[in-house]
Amino acid sequence: MPSLIDLVRSHTDLDDEDVAWLQLLQADWQIIADLSFADLVLWLPDQEGKGFWAAGQMRPTTGPTAYVDDVVGTFVPVGRRPLIDAAYGQGRLVREGDPEWRDDVPVRVETIPVRRAGRVIAVVARNTNLLGVRTPSRLELSYLQTAADLTQMIAHGHFPAPGQRSDHADSPRVGDGFLRVDAAGKVVYASPNALSVFRRLGLSGDLAGLSLAETTRELVPPRRRPDEETLSAVLGGRAHRDTEIGTDGVSLIVRAIPLRPQGDRIGALVLVRDVTDLRRRDRELVTKDATIREIHHRVKNNLQTVAALLRLQARRMDSESARLALEEAVRRVGSIAIVHEILSQAVEERVDVDEIVDPLGRMVTEVSAVGSRVRVRRTGSFGVLASEHATALAMVLTELLQNAVEHGYDPDDAEVTGEIVLHAQRLVGRLHVTVDDDGRGLPADFDLDQSSSLGLSIVRTLVESELGGQLEIGPAPSGRGTRAALDVPVD
């Protein structure tokens, strides 16, 4: 299905400001569809004047749809839909004509010109399934009157409202709670859902005839409401914006849309939504995130304690081989600790591996016999991985870097210097990693499958079993030193 941008670029002469206006309209037209109990279709004029392209469609959540199938991307030539032609050509709302029949369903069609900066740039067709029409209640009459006011605003260029969109992803809808206030900010009508929302705040009685802003001030403590200017602007229906209010036990989002069908403000549509459960879940998630980060922090501290104990034990060992084995264990524990340190600072259980690899390179060279004479340089990026994969990869890289430092360079040669290049690249769902050193290279009889090295055994197990990848070790392409290459799948 083509997007609005695709259709504009392919078939119309609309400019970027026109498109931005239409996007603002589409951001709010679910409200109009629900208030109208009707499907909305956005029609764009063809650049050659041959007809109109359907660039958007919205079904109501308050009534039956008039369109079973999607129409976005379809073309209607001039003359086939006279109501669209009239709304665009004459710049007025068009309601004449008999109902159309679609799939044995009578549909009333009204067309609304979309005006921006004094010119009509599109047409919105409002399609009402007449099988769902019955004697309207007071709620439905209020919905329809408000929808009529909004469509007049669209036709006169007063809707949508320019400016910044709401920051609330959970902005209220018509069914959450509907209020209509007059120009003075007094409630003309409140839906049963809206009345229930305010009764959760502590209201007793009805809202009709009350000043919405004053009533809210009485119900909501000052510390749980916005500044006075915002409160008066939103609850008085003077500004197209939203705000959050509440008590210690209840949280609400309130959104206002001033109504100016003929230019002067006659009142406002105010939507309210009880988001108490959402805010409680948000708090629980924040608490859980903090707990998880604290756990990672404590695991990191415990691992560092274990590493310190192993280091102390290594210093007391008489056997050189035993001491070296303990020092290797210290490095392995340290590599896992680095992962948990990153996780203790992260919001999600995913890790930017670059933040792990750089400290690993420094750790391996600092504790080695060659020290700062050999440095590790990273090129490319590992990207983000799940924590369990990051831990396994950190262990693998620690072993490979340690092998490169220990076996590639002579610690007794005071003149020896070198560089280990760690390169990472992600391609088509896989991570390719190479570790190249410029040391003395592999023994002539080296065979990875026959190697008895504990470090290489750990690497192969982690790469093949934990990461589901492949490992190769051989001479570096430069002809000097060794290359270890990993190829593992990633998300």
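A residue is counted as exposed when its relative accessible area is over 50%, and as buried when that area is under 20%. In this predicted model, aspartate 104 has a relative accessible area of 70% and is therefore exposed. Aspartate 104 is placed in the loop that runs between strand E4 (100-102) and strand E5 (105-116), and its phi is near 65°, a positive value in a residue other than glycine.

A positive phi, near 55°, is also found at phenylalanine 37, which lies in the loop between helix H2 (16-36) and strand E1 (39-45). With a relative accessibility of 17%, phenylalanine 37 counts as buried. Most residues other than glycine have a negative phi, and most peptide bonds are trans. The bond between phenylalanine 159 and proline 160 is a cis peptide bond, with omega at about 10°; proline 160 belongs to the loop between helix H4 (138-156) and strand E7 (178-182).

Strand E17 runs antiparallel to strand E18 (residues 482-489), to which it is joined by six bridges, and isoleucine 473 stands opposite alanine 484 in E18.

Methods
Residues numbered from 1 in each chain as written. Predicted model: local features only at pLDDT ≥ 70, side-chain atom pairs only at ≥ 80, totals over all residues. Heavy atoms only, no water. Helix = DSSP H or I, 4+ residues; strand = E, 2+ residues; numbered from the N terminus. Buried < 20%, exposed > 50% of the residue type's maximum accessible area, 1.4 Å probe, protein only. Pairing = 2+ DSSP bridges.
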